[in-house]
Amino acid sequence: MNISKFLLRIFGWKVKITVPDYPKCIICVAPHTSNWDFIIGKLAYASVGRKAGFLMKSSWFFFPLGFLFKSIGGIPVVRGKKGYSLVEQLIAKFKSCDRLTLAITPEGTRARTSDWHTGFLRIAYATGVKIALGAIDFSKKEVTIAETFSPVGIIDEDMKQIKAYYKKYTGKYPEKFSTE
C-alpha cells in the first residue's frame, strides 16, 4: 500500500477513480471551498499511482514553498498581467507534451462564486483533450473521478451541464459552494 492510500484510509476517505489514465487530460475539480481540497485531491490521485499538475496563485510560490509546489506539478498563475494569457500558455503546453494531466478548479477561489472560470473548457476545445470530472465530497469523505465530459463547444451550455453534475457534492464548507 502506498503512503497516500494509507493516509486517506486512516482519515476515513474513499477513492473512486475509474476514468482511464489518459495521456492528456484536464481534471475539473469541484467543490473547492478549502485548502484541504488540494491535499485530499493530491493524495487521492497519487493513491492510484497517478500524477497531475495543478494551478495555484503565484503568490504561493515563495521560497521554500515555490520549490516544493513546482516539484509536485504546480504551475503559478499570474493574475492581472497585461499580455499574459494563461489559457494560451496551457494550450501550447498541452500541444507540446506527450503526457500532461492538469487538475483545475473552475471556481478559481475558495469563496462562494457562481461565476466559474471557463479556461479549462477553452483549453479542451483548442486541444481536444479529455475533461474528467473530479469531485471531493466531504459529506461522504469520498473522492470521485468517474465521468468524462464531452463538451459540445458552446461555453454556456457546457458550463451548465458541468455545474449540474456537481450539485450532488458537498464541499468542506457547503455555504461556500454554488452551482447556480
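The structure is a predicted model, in which local features need pLDDT of at least 70 and side-chain atom pairs count only at pLDDT 80 or more, while totals for chains, interfaces and linings use all residues. Residues are numbered from 1 along each chain as its sequence is written, and side-chain values use heavy atoms, with hydrogens and water left out.

Seven strands form an open sheet. Their order is β1-β7-β6-β2-β5-β3-β4, and the pairing is mixed. From one strand to the next, the twist averages 25°. Angles run from 0 to 180 degrees between N-to-C directions, with axes fitted as lines to C-alpha atoms, for helices over the stretch in contact. Strands (E, at least two residues) and helices (H or I, at least four) are DSSP runs, numbered from the N terminus. Two strands pair if DSSP finds at least two bridges between them.

Strand β7 (residues 142-149) pairs with β6 (residues 130-137) in the antiparallel sense, over seven bridges. Isoleucine 131 has phenylalanine 149 of β7 as its bridge partner. The two strands β6 and β7 form a hairpin with four residues between them. Lysine 141 lies in the turn and has a positive phi of about 50°. Strands β1 and β7 run parallel and are joined by four bridges. Here lysine 16 stands opposite threonine 144 in β7.

Phenylalanine 11 is placed in the loop between α1 (3-10) and β1. Phenylalanine 11 and lysine 141 are 130 residues apart in sequence, yet their C-alpha atoms are 8.8 Å apart in space.

Aspartate 37 lies in helix α2 (residues 36-47). Aspartate 37 is buried and has no salt bridge. A salt bridge is a side-chain nitrogen of Lys or Arg within 4 Å of a carboxyl oxygen of Asp or Glu. The nearest side chain of opposite charge, arginine 110, is 7.2 Å away. For charge, Lys and Arg count as positive and Asp and Glu as negative; His and the chain ends are not counted. A polar atom of the aspartate 37 side chain lies 3.0 Å from the backbone nitrogen of serine 34. Aspartate 37 also touches (heavy atoms within 4.5 Å) Pro31, His32, Ile136 and Phe138, residues up to four places away in sequence not being counted.

How values were computed. Buried means under 20% relative accessible area, exposed over 50%, partly exposed in between (1.4 Å probe, protein chains only). A polar contact is a pair of N or O atoms within 3.5 Å; within protein, one must be able to donate a hydrogen and the other to accept it, and residues adjacent in sequence count only if both atoms are side-chain atoms.
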